[in-house]
Amino acid sequence: MGGPRGAGWVAAGLLLGAGACYCIYRLTRGRRRGDRELGIRSSKSADEKTETPKNKDLTDGSYDDVLNAEQLQKLLYLLESTEDPVIIERALITLGNNAAFSVNQIPMKLVTGITFAIIRELGGIPIVANKINHSNQSIKEKALNALNNLSVNVENQIKIKIYISQVCEDVFSGPLNSAVQLAGLTLLTNMTVTNDHQHMLHSYITDLFQVLLTGNGNTKVQVLKLLLNLSENPAMTEGLLRAQVDSSFLSLYDSHVAKEILLRVLTLFQNIKNCLKIEGHLAVQPTFTEGSLFFLLHGEECAQKIRALVDHHDAEVKEKVVTIIPKI
């Protein structure tokens, strides 16, 4: 490596030591044996609750490639001190995938929470989160992906929750269907696996429905996963029903809609109805304005569309509809 960048590697190596030199080499050279995709899921749910973005994996798939505390500390220092976008991006991928790797590959009884705790205790979460402010969209995406992998740990969520509002602003003000938007939605989905932080999304529910109606298939699915998390919590029911939603929402109940979307909008209807039946909830009927989700879900057009799905060609959809019809 020659020129100014090569001199930078020498300086970084002298400052951080031999362990960091190896990290720098791996970060800049990447893997020679091809890429591998990783995905992790929260233990709370098999599908609807959480989904982790798939990132380029820079490890070799062995126990030795999970960075220890000293290596993680050097990597975090490098991430905090460098301005090189290539190094920043690869450092974020490595941090995120170390968290994912420890969950997927090493027996949980040996490492439960270890990598998560090390990164958190080294002050790594604010360092990673700071990169969601970066002007480089690829770096923003990788920072969100890294936070998402870290957010599977409940204690990490306590640290990450202070960035929820910022992530929401980026999701709803940024380009539709962009990688940054999808990464942000995925992080919000993981952060709403439990009821603890769902209230922080109260003021963004209408925005979620807007993205649902205008986004592509992948975006629609991710928004629905997030809405399903919220719809299982009775404390969020009134906020969901108050949301101003365009009438085109009902087109999602048409028979030609993709199964992965159709099943989720049916489950959304089912969850909200279940929450309304919980004893004492909404005992005093609030006033819902015309154009709200309440009016759409309780209207005759919605009921007709759902009843028509009883003849759907897919058995899983038909089964779901049969369970819902008595609630209409």
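Where is Asn-177 found? Asn-177 lies in the loop between helix H10 (164-173) and helix H11 (179-191); helices are DSSP runs of H or I with at least four residues, numbered from the N terminus. The model is predicted: local features need pLDDT of at least 70, side-chain atom pairs count only at pLDDT 80 or more, and totals for chains, interfaces and linings use all residues. Residues are numbered from 1 along each chain as its sequence is written, and side-chain values use heavy atoms, leaving out hydrogens and water.

**Asn-177**
- Asn-177 is not a glycine, yet has a positive phi of about 70 degrees.
- Most residues other than glycine have a negative phi.
- Asn-177 is partly exposed, at 30% relative accessible area (buried is under 20%, exposed over 50%, partly exposed in between; 1.4 Å probe, protein chains only).

**Helices H12 and H13**
- The axes of H12 (residues 205-214) and H13 (residues 217-231) come within 8 Å and cross at roughly 150 degrees. Axes are lines fitted to C-alpha atoms over the stretch in contact, with angles from 0 to 180 degrees between N-to-C directions.
- H12 and H13 are therefore roughly antiparallel (angles over 145 degrees).
- The contact (heavy atoms within 4.5 Å) includes Leu-208 and Phe-209 of H12 and Val-223 and Leu-227 of H13.

**Thr-192**
- Thr-192 sits in the loop between H11 and H12.
- Thr-192 is buried, with a relative accessible area of 1%.
- The Thr-192 side chain reaches the backbone oxygen of Thr-189 at 3.1 Å.
- Not counting residues up to four places away in sequence, Thr-192 touches Gln-198, Leu-201, Leu-226, Asn-229 and Leu-230.

Notes. Helix = DSSP H or I, 4+ residues; strand = E, 2+ residues; numbered from the N terminus. Parallel < 35°, antiparallel > 145°, perpendicular 65-115°, else oblique. Polar contact = N/O pair within 3.5 Å; in protein donor to acceptor, adjacent residues only side chain to side chain.
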